Amino acid sequence: MPIVSYREALNQAMREEMARDERVFLLGEEVGQYNGAYKVSQGLLKEFGPWRVVDTPIAELGFCGLGVGAAMGGLRPIVEVMTWNFALLAYDQIVNNAAKLRSMSGGQLHCPVVFRGPQGAAHQLASQHSQVFESTYAFVPGLKVCVPATPRDAKGLLKTAIRDEDPVVFMESEVLYGTKGEVEDGELLIPFGQAEVARDGGDVTIVAWQKMRFVALKAAELLEREGVQACVIDPRTLRPFDLEAVLASVARTHRCVVVEEGWPWMGSGAQIADSIQRHGFDDLDAPILRVTGRDVPMPYAKPLEHEVLPTPERVVEACRRVLYRSP
Amino acid sequence: MRREIHESFVRRNGHDVHGEELTPFSQRPAAHRPEKEFPLERVLADDGSADLARSHLPQERLLPLYRLMVLNRALDERMIQLQRQGRIGFYIGSIGEEATVLGAAEGMAPQDWIFPCYREHGAAILRGLPLAKFLCDLLGNAGDLMEGHQMPCHEAFRPGRFASISSPIATQIPQAVGAGWAARIKKDDMVPLVYFGEGATSANDFHTGLNFAGVRKVPVVFVCRNNGWAISVPRERQTAAVTFAEKALAYGMKGERVDGNDLLAVYEATRLARARAAAGEGPTLIECVTYRMEGHSTSDDPRVYRPAELVDPWRKKDPILRLKGHLVWRGLLSESEDAAIRDAVAAEIQAALREAEALPSKPPLESLFDGVYAQPLWQQREQLEELRSAVAADPRVARLRGEG
Ligand SMILES: Cc1ncc(C[n+]2csc(CCOP(=O)(O)OP(=O)(O)O)c2C)c(N)n1
């Protein structure tokens, strides 16, 4: 299978969908001439022309609103936000408009639009450039939220998102753009709400997505040295969420750790822990623990930033605790 | 200080870094004279006469539009009464602004989408929304097109290409631009019309929507209903600009300022703006100068911030009286015919109300979960099951929860 970067995988998804369906078009800051702030739209302007690859003025609220209107007008817009940090300005269009249109209009109108861009910490970009907003969007009924970790998931989920009839918030990761992996050529559709077992094991379940999938896999390697087999489950989409896959694993391991990059209080991990205890209480032999980013705005200084983000060591430590093991 | 440096630079060089001839700041004329450049366009004179060479509204449309204006007014008055009687929860209407609402909608083509603010019920009715259906929305009953999901006066009507009304001020503006962009990509002959109040021009959606439309010459018609008030905030507190139309200049588009109580003028400006947009000449911002004669909505009492003396002069400029004067001037309407129209309109509203109130008063509980997604997720399915079993276990639950 071809080895492709996360960035190229996203590019393939958009290129294939734009070629397949004339209604699909891309708009955002720097997506045309510049090929995207992170070069995700490389070559698309040349291939599809300025009508379908649209450089917009700097106005997140405005061009996300444009996407909502274009979707109402029968197109399938992909709106690229330079990062989700700046898309806070567009929260009103996404939450108050896109998410509610179908329900508000009694099903008369709907809004098949994809809002995509990177989120999360890169390297030393401090508090206004390092935020994880998946939970704030997954909170909203009417939205679907994708959090792909691998190039294959990036492509397969984006193609599904573009064809979806509902508005999709598609979270990418700056530090994952350059990572590589096997990706099928051509058609690849990964259904929403289908978790992937990134690593199987019977001793403890670790739920982790996007960058945290790799932190969890690293932790699993370290645990293996201690004779502990961790099962790493990547939900891939936070809404819809594949609770069944998580419960099935917990039924085997009886222990669970949820890892997320974002802030702890009211984070997605809290909801996941609640759902596990509600549906799988009898399977649990220990409280569910969470490993999260620290409850602070992201600092700039390197050692401080490192201290904020979940590390494999912190995940190992949490797993030991749910296993009642000392180091 | 900066000015002095600049002026000495100009004295020495006579031109700026771009090579343009410069006048020292102190001698520069005011950039422009908005009152002169954006005069209030009118077609109807106070005495009802009109220069018919300037009006292209087909004569046979005059009486139907007059009737619609009368209907719109009577509807607003009746609904305000109903709200006071506690029969509906909330109402927001367009008393005094009917010519702006209907003139602009009439100026568009039937295939054009309308992106309303929240006072354009007249335009929805013009586009074929049955009156009884509109009332079902206010009642939130089983006949409500919005399935009881949306607040009163926030109707959507797809068959009439009337988009969903969005409460946050100005959000419909960039959406309309997006729909215009979609039409251009699809090569559809469709020009969206978007309405908003003058208060909305302070919102960032206004700026981003008009800016993009200007830059890309998107076909769209922007209609600013300048009714003088944003709840209690007068238009002078909304902008220091002399007119709203002049804002078009900065976006590189055509601006128009028309008498918003003059149906013929609003129609004319909109018709021409639509034609320009369809011909690829880009968008137009039309400021319709009108007046909000009543409170902002049924939740508002304007007497606490607006003295009656301010409103009185506008009573003489009532858009319905203006059009009536014109119809009389043209010999198209007599007093007795006018009285007959008013009676017929009142009867129509009464009949529609009877029709709407005859429907079951509540939408089915289960419709609660409709339309959250194209297909419900397990969260909605789980909650629906929960609701069903609660109702099955104890019928009182259904009553408590609103059914039965
Ligand atoms: C974003 C936002 N802020 C505040 C409000 C509350 N609000 C409702 S109507 C209104 C005044 C709007 O005035 P204007 O745009 O002039 O329209 P008009 O009501 O006069 O037709 C305000 C502030 C709102 N709906 N949305």
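Guide: Two residues are in contact if their C-beta atoms, placed from the backbone, lie within 7 Å. By that test, 39 residues from chain B and 38 residues from chain A make up the contact. The model is a predicted one, in which local features need pLDDT of at least 70 and side-chain atom pairs count only at pLDDT 80 or more, while totals for chains, interfaces and linings use all residues. Residues are numbered from 1 along each chain as its sequence is written, with chains lettered from A and ligands numbered from 1 in the order in which they are written.

On the side of chain B that touches chain A, two or more residues each come from α7 (172–186) and α8 (204–216) of chain B. Helices here are DSSP runs of H or I with at least four residues, strands are runs of E with at least two, and both are numbered from the N terminus. The largest share of that side, eleven residues, belongs to α7(B). By class, the side of chain B that touches chain A holds 21 nonpolar, twelve polar and six charged residues. Nonpolar covers Ala, Val, Leu, Ile, Met, Phe, Trp, Tyr, Cys and Pro; charged covers Asp, Glu, Lys and Arg; the others, Gly among them, count as polar.

Chain B also supplies residues to the ligand shell. The ligand is surrounded by 17 residues, the closest being I169(B), G197(B), G199(B), A200(B) and A230(B); a residue counts as near if its C-beta atom, placed from the backbone, lies within 6 Å. Strands β2 (193–197) and β4 (229–230) of chain B each give at least two residues to this shell. Its classes are eight nonpolar, five polar and four charged.

Between them, 23 residues of domain 1 of chain A meet 24 residues of domain 2 of chain A. Elements giving two or more residues to the domain 1 side are α6 (134–138), β6 (144–146), α7 (151–163) and β7 (168–173) of chain A. That side divides into 14 nonpolar, six polar and three charged residues.
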